[in-house]
Amino acid sequence: MFRAAILALALGTASAFVAPVPARATTVVKAFESEVGAQPPLGLFDPLMLLEGADQDRFDRLRYVELKHGRIAMLAIAGHLTTDAGIRIPGDIDYSGTSFASIGTGWDATQSVPVAGALQIF
């Protein structure tokens with residue numbers, strides 16, 4: 001009797017170690033299947049569900065913003081690679097004589113830029 005109770009408890013708690021079955025979440029938006037970029041087997045890939053219940057104007061706005069941010073990111077990489085290669089703007093960054101060539105690249109540059117120059121970014 002005692003062994004049967006232990007066996008029943010062991011089998012009952014064994015289900016705690018079984019992985020749960022994940023719910024299938026769909027990321028395909030059926031409303032914009034004919035748009036450029038929608039291709040089988042995925043269709044239009046929208047993992048954050050930003051187009052859930054969206055109209056054509058919202059879709060066009062999100063596509064425009066995505067292109068704009070992609071272009072800004074490409075320019076940022078081009079600027080980083082240019083300064084990392086040693087190509088700098090001639091002249092000074094401030095009136096006290098700090099030259100562009102004296103400022104490092106990458107995160108090192110954040111400590112070298114004068115405060116007034118850093119404030120202009122924001």
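Where is M49 found? M49 sits in the loop between α1 and α2, with helices taken as DSSP runs (H or I, at least four residues; strands are E, at least two) and numbered from the N terminus. The structure is a predicted model, in which local features need pLDDT of at least 70 and side-chain atom pairs count only at pLDDT 80 or more, while totals for chains, interfaces and linings use all residues. Residues are numbered from 1 along each chain as its sequence is written, and side-chain values use heavy atoms, with hydrogens and water left out.

The backbone of M49 deserves a look: its phi is near 55°, a positive value in a residue other than glycine. M49 counts as partly exposed because its relative accessibility is 31%; on this scale, buried means under 20% relative accessible area, exposed over 50%, and partly exposed in between (1.4 Å probe, protein chains only).

Turning to the aromatic rings, one aromatic pair is counted. The rings of Phe, Tyr and Trp (its six-membered ring) pair if their centres lie within 6.5 Å, and planes under 30 degrees apart count as stacked, over 60 as edge-to-face and the rest as tilted. F32 and F59 form a stacked pair, at 4.5 Å centre to centre with 15° between the planes. This pair links distant parts of the chain, since F32 belongs to the loop between α1 (2-13) and α2 (56-84) and F59 to helix α2, 27 residues apart. Both F32 and F59 are buried.

Leaving aside neighbours within four places in sequence, F59 is in contact (heavy atoms within 4.5 Å) with F32, E35, L44 and L51.

Also in helix α2 is L62, which counts as partly exposed because its relative accessibility is 24%. Not counting residues up to four places away in sequence, L62 touches L50 and L51. The C-alpha atoms of L62 and L50 are 8.7 Å apart in space, and the two residues are twelve apart in sequence.

Helix α1 contains L9, which counts as exposed because its relative accessibility is 58%. Together with F2 and I6, L9 makes a nonpolar surface patch of about 360 Å².

Methods: Patches are made of residues with over 30% relative accessible area and no salt bridge: like charges are joined within 9 Å, nonpolar side chains (Val, Leu, Ile, Met, Phe, Trp, Tyr) within 5 Å. Accessible areas come from the Shrake-Rupley method with a 1.4 Å probe; for residues, only the protein chains shown count as cover. A salt bridge is a side-chain nitrogen of Lys or Arg within 4 Å of a carboxyl oxygen of Asp or Glu.
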